[in-house]
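Here's a quick briefing to read alongside the model. Have a look at the structure first, then run through the points below.

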Amino acid sequence: MSPEALKSFATAVYERAGVPANDADLAADALVQADLWGHQSHWLLRLGWYYARLKSGAMRGVTQLDTVTDAAAMAVLDGNDGVGPVVAQRATEVAVRRARAHGVGVVSVRHSNHFGTCMYFTRWGAQQGCAMLMMSNGGPNMAPWGGLQKKIGTNPWSLAVPAGRHAPMVMDIANSGVARGKIYLANNRQEPIPDHWAVDAQGNPTTDPKAALKGFILPMAGHKGYAIGVMVDVMSGVLSGSGFQDQVHGPYDSVNRSMAGHFIMAIDIARLQPMAEFNERMEAYIASLKSVPVAPGHEKVCYPGELEADANERNRRVGLLLPADTLSDLARVGAETGVPFEDFLKAM
């Protein structure tokens, strides 16, 4: 299926929900790009959720970003419950501008919304010549270590740097063993999940995605993932003055304010060493990684972010494959918004 047609459909849905054209285009691009990178848990699967939040007013279609604190290299921004990807992109741009002026830019964001995948924004910053760090909190789906009540979100974070002639090097991970969206995707596909992804409401391992969604996602690396998730919540929610723990509501909640917060840091690499030198060193770093023997079952040695770059190139060339349940939900959203999905299917 044509990525361009899917983006056009998502853009039209956002516009029908009151999102201005440029912001609708950005929000749609963030969704489709996630799938182009192979992150199906973060893409058009979520369009119906976002539309429901816009319709209820939990997420505001017109995004107004206010500066609460302006302190040279640092700023606190209030997203006023605006569209998540729009808030995140504008905040990232502020961080990069402040890095240009001061060497480093630190932006703390309150009252935002779920924005999809962090790497959409850190990768953009890396393409501007910055080393980027971004983190966000989310609705709770993990229990505190040793507990049986949801308190901590998967709370993703991402690091990205330019990599010379290569696509940017990017790390983008949640602090759970798997993103909640992947369990939703398995549920949509009516597929079992690995027994180490989640436990049911009684704390027992499960392969049933429905039971997992009613239970708890397990942290990556046991207590280590739990501790990282807590600290991301503190940096994103407590530090920004936004929500934290179960004050935060995820994109699948159609009526409550998200209260999500973000933390973004941009470092102007040219302040530390000439860009040409940094790029040369990154190329040498990647070459060293790739110099080791290839393990059985792998086509090549990859650096972080390379799999996504390869998937993007392939999917733009051959098109995207959507699960049947996602297609059905897009058709439902199209019917509800008066943007017939069937018309866009003809272009696919």
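Let's start with a pocket: by class, the second largest pocket is lined by ten nonpolar residues and three polar ones, with no charged residues. Keep in mind that this is a predicted model.

**Pocket**
- The volume of the second largest pocket comes to about 180 Å³.
- Its lining is made up of 13 residues. Those nearest the centre of the second largest pocket are A143, P144, G147, L218 and P219.

**Strand β5 and its partners**
- Strand β5 covers residues 157-163 and is mostly covered, with six of its seven residues buried. Buried here means under 20% relative accessible area.
- On one side of the pairing list is β4 (residues 130-136), which is antiparallel to β5 and joined to it by four bridges. Within this pair, L133 sits opposite L159 of β5.
- The other partner is β6 (residues 166-173), also running antiparallel to β5, with six bridges between them. Here V161 faces M169 in β6.
- β5 and β6 form a hairpin with two residues between the strands, and G164 in that hairpin has a positive phi near 65°.

**Aromatic rings**
- The structure has eight aromatic pairs.
- One aromatic cluster brings together W37, F115, Y120 and F121.

Note on methods:
Residues numbered from 1 in each chain as written. Predicted model: local features only at pLDDT ≥ 70, side-chain atom pairs only at ≥ 80, totals over all residues. Heavy atoms only, no water. Buried < 20%, exposed > 50% of the residue type's maximum accessible area, 1.4 Å probe, protein only. Pairing = 2+ DSSP bridges. 1 Å grid on protein atoms, 1.4 Å probe; cavity = no way out; pocket = protein on both sides within 12 Å on 5 of 7 lines; lining within 4 Å. Points joined across faces, edges and corners; volume = space filled by probe spheres on them. Nonpolar A, V, L, I, M, F, W, Y, C, P; charged D, E, K, R; others polar. Phe/Tyr/Trp six-rings, centres within 6.5 Å; stacked < 30°, edge-to-face > 60°.
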